[in-house]
Amino acid sequence: MVDRVTAKDHLTYHGFLNGYARWFVHGEASSSTRPTYDLGDNFDNGNDMQGILHDGICFGRVENYIDDNDGDGVPGDEEPNNDAKCFYELLKNAEKELYPGCKKYSQFSAIIRLFHIKCLNRVSNKGFTDLLKFIKDAFPVGETFPKSYYEAKKMIRGLGLSYNKIHACPNDCMLYRKEYENDTECHVCKTSRYLEDKDSDHLFMSSKTASFMRWHKEGRTEDGYMRHPAASPAWKTFDFRNRDFAEETRNIRLGLTSDGFNPFKSLNVHYSTWPVVLIPYNLPPWMCMKQEYFFLSLLIPGPTMPGNNLDVYLEPLIEELKLLWEVGVNTYDASMNRNFNMRAALLWTISNFPALANLSGWSTKGEFACPSCHKDTCSRWLRYSGRHCYMRHRCFLASDHPFRKDKRSFNGFEEHDKAPSQLSGDMVLRELDGHTHTFGRLNNDNRNLPYNWKKQSIFFELPYWKGNILRHNLERIHNETFASWFANQVQNMDFVNERGISDELRSLAQGPNFISKRYKGFIINGFRFHVKEIEQRRKTQNSGVVVIAKTTSYSSANDRNPVIGDVTYYGVLKEIVELEYFLSRKVVLFKCDWVGQGRMQRQDENGFTLVNLSRPMNTGEPFILASQAQQVFYAEDPIDKGWHVVIKTTPRDCFDMDRREEIDVEDYLLSETCTGDIFDDNEEIRWVREGVGGTATTNNMIIY
């Protein structure tokens with residue numbers, strides 16, 4: 001007998017019955033949603049090494065790998081290679097008893113648990129060895145614990161969870177490898193790390209996953225619709241140009257994605273971590289984007305982001321990709337019981353717009369920022385905003401589109417040009433032919449590159465890269481991703497919770513109306529706000545915004561005791577947006593240009609706060625709730641250009657309002673959210689005071 005939760009998990013993973021058809025029309029829910037587990041609280045609830053191997057290594061249970069009827073424990077018509085043998089032997093050891101009679105933990109699951117504790121509590125290698133010695137002495141005779149950290153690590157390494165540590169120049173000039181492996185100084189600047197991992201052959205060690213690796217050719221429906229990258233022109237063109245590679249359907253097509261983040265969740269700690277992840281596109285859509293099939297090939301930590309010097313850290317990965325293309329790796333296919341020579345190719349990269357510059361070598365800033373228009377980018381410098389504006393998007397429309405002749409709605413001109421030609425790999429190489437680039441943050445000798453080029457991307461070292469017609473892709477914006485996640489979470493909660501969820505939360509999950517409203521002014525919290533735009537023709541100022549946010553701060557990268565405190569952000573109101581949700585729920589947002597922390601703020605000797613409004617902070621989250629906003633005024637410093645003194649103000653007519661010190665954001669969203677007043681900014685202003693009797697004066701009377 002099992003409890004209800006366990007039974008549900010089994011049905012979710014394995015299904016009700018092979019071939020069972022779900023009656024969606026009659027209201028039967030899908031069981032495709034996999035449960036999630038909290039390793040922090042539930043890790044020790046039994047020996048679930050089967051589940052760990054399922055989620056972390058490959059698809060399917062251990063029974064798919066080991067045939068008990070076979071004498072040597074390996075299925076098949078052909079002897080697996082050495083790597084596959086080691087892997088299968090490791091899976092057998094996963095079932096070995098921790099000590100005679102132990103049912104809760106196996107030898108392998110206990111070691112995984114101990115490594116988990118070691119990582120969370122930063123136990124040293126020597127401390128881990130001493131702990132193993134004590135456990136071996138305390139446990140009954142017959143225990144199977146390893147003797148040292150070294151032996152335990154050898155077991156983990158068999159799963160492909162190991163890494164190679166390589167030193168790097170702190171100025172991003174080079175890596176200490178190959179002929180430079182034993183050098184003591186950088187050979188570029190005369191003045192150190194990333195992680196590497198190899199997991200692709202594990203995809204074929206599971207009989208189920210190995211068969212799915214051929215899905216793009218054998219299982220995909222070809223009906224003219226693009227439901228998978230295999231139906232795209234980029235995939236088909238690659239297969240046409242590399243027919244020997246395409247003939248073997250098990251050869252892997254990869255995508256690469258990378259972006260940086262601060263692992264300490266605080267703007268007060270300057271640290272950057274850049275993971276480089278590979279995605280196998282042979283798998284069907286419902287599998288290839290699951291986390292368990294991602295390959296963390298590189299992890300680049302450091303005090304600053306690598307930026308244009310990212311290629312220095314990509315060198316080992318590019319070498320392996322070249323090896324996988326030119327030579328291949330002998331791999332055992334568990335679904336066909338055969339060894340074969342597996343090759344791999346990188347089809348494209350995926351990134352956000354700033355990271356596109358680091359991967360492609362084309363700067364996404366300045367006069368030629370558009371990577372599609374390239375040198376034909378049409379830009380205009382906006383003198384008062386200090387930015388470039390790009391107005392040539394109409395050239396991509398059909399020649400008879402009415403927008404092409406619409407001068408008034410655009411830049412005052414008709415558009416008759418054709419769309420610029422697509423930038424091919426050969427065109428890139430011709431433009432950069434004869435130009436050299438030196439990496440390193442201390443190097444300033446790369447200004448002779450044409451147009452917006454910052455370097456020749458290291459991906460062109462791959463023999464096939466210049467022939468790829470789609471080399472770089474842009475990811476969807478973060479708020480769309482969050483909206484999809486939120487909708488899925490609410491749907492899952494509604495499925496799991498028998499009582500369901502509230503109508504208000506369900507209405508928020510459906511997302512706002514696609515049509516939003518914008519205003520020039522808004523009254524809330526006793527303040528009258530204007531957007532910055534209308535202040536250009538006025539002498540009054542109502543666009544200053546301040547918000548006090550709670551944040552977790554760390555004193556350094558090694559700090560394990562975060563402190564929760566208040567951080568004050570100053571900004572200038574640019575847009576007022578009203579979103580309307582289902583059931584008439586409305587939310588008003590303020591979009592602001594925010595002043596960065598650190599060098600953009602300071603206090604003078606008199607205790608006044610000064611901010612520099614000339615260079616707003618680049619942030620992907622410029623919005624705040626209108627209810628969070630307080631108002632400040634900025635008085636320009638006559639001596640330091642660009643600096644303004646912050647003058648705080650109090651709300652108008654706010655007496656005995658009985659305001660709570662803290663506002664519950666969830667209650668705010670679920671209530672009548674917009675209590676502010678929207679006003680017509682073009683209304684007539686009356687300068688005569690009404691309702692008060694006048695006083696007659698003589699002409700020679702002066703009133704102070």
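I'll take confidence, then a helix pair, then one aspartate.

Keep in mind that this is a predicted model. Mean pLDDT for the protein chain is 76. Of its residues, 72% reach 70 or more. Where does pLDDT stay under 50? One stretch is residues 54–76. The model still gives that stretch 61 contacts beyond four places in sequence. Another is residues 192–198, with 37 such contacts. Go carefully there.

Now the helix pair. Two packed helices are described by two things: the angle between their axes and the distance between those axes. Look at helix α5, residues 107–121, and helix α6, residues 125–138. Their axes are 11 Å apart, and the angle is about 140°. Roughly antiparallel would need an angle over 145 degrees, so α5 counts as oblique to α6. The crossing of α5 and α6 is right-handed.

Which residues meet there? From α5, we have Leu114, Phe115 and Lys118. From α6, we have Asn125, Phe128, Leu131, Leu132 and Ile135. By class, this contact has 6 nonpolar residues, 1 polar and 1 charged.

Last stop: Asp239. Find it in helix α10, which covers residues 233–241. What does Asp239 touch, leaving aside neighbours within four places in sequence? Ala246 and Arg253. With Arg253, there is also a polar contact between the side chains, at 2.6 Å.

That's my tour. Over to you for questions.

Methods. Residues numbered from 1 in each chain as written. Predicted model: local features only at pLDDT ≥ 70, side-chain atom pairs only at ≥ 80, totals over all residues. Heavy atoms only, no water. Helix = DSSP H or I, 4+ residues; strand = E, 2+ residues; numbered from the N terminus. Polar contact = N/O pair within 3.5 Å; in protein donor to acceptor, adjacent residues only side chain to side chain. Contact = heavy atoms within 4.5 Å. Axes fitted to C-alpha atoms, helices over the stretch in contact; angles between N-to-C directions. Parallel < 35°, antiparallel > 145°, perpendicular 65-115°, else oblique. Left-handed = near helix turned anticlockwise from the far one by under 90°. Nonpolar A, V, L, I, M, F, W, Y, C, P; charged D, E, K, R; others polar. pLDDT = per-residue confidence, 0-100.
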